[in-house]
Amino acid sequence: MSLYCATGDVKSDLLPQLQDLLAESLAKLGPRNRVLAVPPDQSRIHSRSGDLTRYAWEYYGDRLQAVLPALGTHAAMRPDQIARMFGAMPQELFHVHDWRTDIETLGEVPAEFIHEQSEGKLNYSWPAQVNRLIVHGGFDLILSIGQVVPHEVIGMANYNKNILVGTGGRDSINRSHYLGAVYGMERIMGRAENPVRNLLNYAANRYLRHLPIVYVLTVIGRTADDCLAVRGLFIGDDAECFHRAAALSLKVNFETMDAPMHKAVVYLDPHEFHSTWLGNKAVYRTRMALADGADLIILAPGVKEFGEDRDIDALIRKYGYRGTPATLEAVNVNADLASDLSAAAHLIHGSSEGRFTIRLCPGHLSREEVEGVGFEYGDLKTMLTRYSPQVLHYGYNRVDGEEIFFIPNPGLGLWAYRGKLGERTA
């Protein structure tokens, strides 16, 4: 087991060195003749994974044989999205992961382990599933590329999640997401070790060891002038690179507030966020910082749907973001939701549990659609005039005499009030 690169700190900006650092690490691996890159999709464009994938292609040339974006349940990337994220790479290198059909089951985590990790709440086993290309492509190197950042399902994003969930199948995605939701999102976010990560580690240790996976992990931070910097780069083939990245990410991406927010305005970049499935990061990442009775306003000019997948979109419209008790009851009595537990988990994650108001201001959804899923509706044009992303700066602003906290991209961090952190249990 090896660590090939571990560099950066809270003040670093490694962007000018990124290509050289990757090349130096790849050289340590020795000759490789058939390489697969597994980066995220456009919903993680700020991770610099697009640049790193392109740098790997420039290093290996035609020995980089394929790119498999870790879509999970997200929609396939369009050619223009590929070009925007990855630059001048041949589009024929890119493969589409179909989470319903294009999978291989490598083994199974027993129900007893899930039962223990869920504190007795769940009683199902978990299949370790990956895209068939990973298993049958004959690759002598699989570069799993991505960003480590606080995450609502897995505590800290990436590492083996990129393979086991990002290229996973229906059951592996559904059941892992539901485990996290039932255990409690606020008990998981920002923690490198938690029941969902323990599940993936169990599977990886037993079912991925034969695969030549090397993890390439970034930590991205915001500068004082609201630009983005690469604070860290960690490359290795075991957990050490992940734990080092997670430790830095907590320092870079986890903002602890001395007082709770009473009004937060979150902007969703239309190039990145087209659905609440992705855009509800505005809810997940701010919930621990919001006061009881607070207002969360989500400016979402690109949002046109709830689910990235047609069937999941229909489930969200049917059941809505009604809170944990209502969702658990719906799972118990409705076969359609019980058969799609990632959708059920998403409904739990996207609810305020009645504690604060969520006002969605979408570019392409009607008032009826928004209110139908349990959110309040805001007129986008009106709200963009009042809370202009071009005028507001990250953090506290005063608008018409009112104090608001502005977040230009919720995917880059996690916010929590100190008092709320005290409520989290192990």
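Cys241 is buried, with a relative accessible area of 0%, where buried means under 20% relative accessible area, exposed over 50% and partly exposed in between, for a 1.4 Å probe and protein chains only. The model is predicted, so local features need pLDDT of at least 70 and side-chain atom pairs count only at pLDDT 80 or more, whereas totals for chains, interfaces and linings use all residues. Residues are numbered from 1 along each chain as its sequence is written, and side-chain values use heavy atoms, with hydrogens and water left out.

Cys5 is likewise buried, at a relative accessible area of 8%. The cysteine sulfur closest to that of Cys5 belongs to Cys241 and lies 9.9 Å away, which is too far for a bond. A disulfide is taken as a pair of cysteine sulfur atoms within 2.5 Å, and a search of the whole structure finds 0 of them.

Aromatic contacts were counted for the rings of Phe, Tyr and Trp (its six-membered ring), which pair if their centres lie within 6.5 Å; planes under 30 degrees apart count as stacked, over 60 as edge-to-face and the rest as tilted. The count comes to 8 aromatic pairs. One of them is stacked and joins Tyr321 and Phe375, at 4.6 Å centre to centre with 5° between the planes. Tyr321 is in the loop between helix H13 (310–319) and helix H14 (324–333), and Phe375 is in the loop between helix H17 (367–372) and strand S15 (376–377), so the pair ties together parts 54 residues apart in sequence. Helices (H or I, at least four residues) and strands (E, at least two) are DSSP runs, numbered from the N terminus. Tyr321 is buried at 5% relative accessible area, and Phe375 is buried at 5% relative accessibility.

An edge-to-face pair is formed by Tyr394 and Phe405, with 5.5 Å centre to centre and 85° between the planes. Tyr394 is in the loop between helix H18 (380–386) and strand S16 (395–399), while Phe405 is in strand S17 (residues 402–407), 11 residues apart. Both Tyr394 and Phe405 are buried. Elsewhere, ring pairs link Tyr159, Tyr215 and Phe242 into a cluster.

A charge sits over a ring if NZ of Lys or CZ of Arg is within 6 Å of the ring centre and within 35 degrees of the ring normal. The charged end of Arg187 sits over the ring of Tyr183, 3.9 Å from its centre. Arg175 lies over the face of Tyr124, at 5.4 Å from the ring centre.

The structure holds 1 cavity of 30 Å³ or more. The largest cavity has a volume of about 560 Å³, a volume being the space filled by probe spheres set on the points, with grid points joined across faces, edges and corners. Of the 37 residues lining the largest cavity, Arg44, His74, His151, Lys161 and Lys281 are the closest to its centre. Helix H16 (341–349) gives the most to this lining, with 4 residues.

The largest pocket holds about 340 Å³ of space. Its lining has 19 residues, of which Met1, Arg209, Tyr215, Asp237 and Asp238 lie nearest its centre. Helix H9 (195–207) and strand S9 (213–222) are the elements that give two or more residues to this lining.

Terms used
On a 1 Å grid over the protein atoms alone, a cavity is a set of points where a 1.4 Å probe fits but cannot get out, and a pocket is an open set with protein on both sides within 12 Å along at least five of seven lines; lining residues have an atom within 4 Å of a point.
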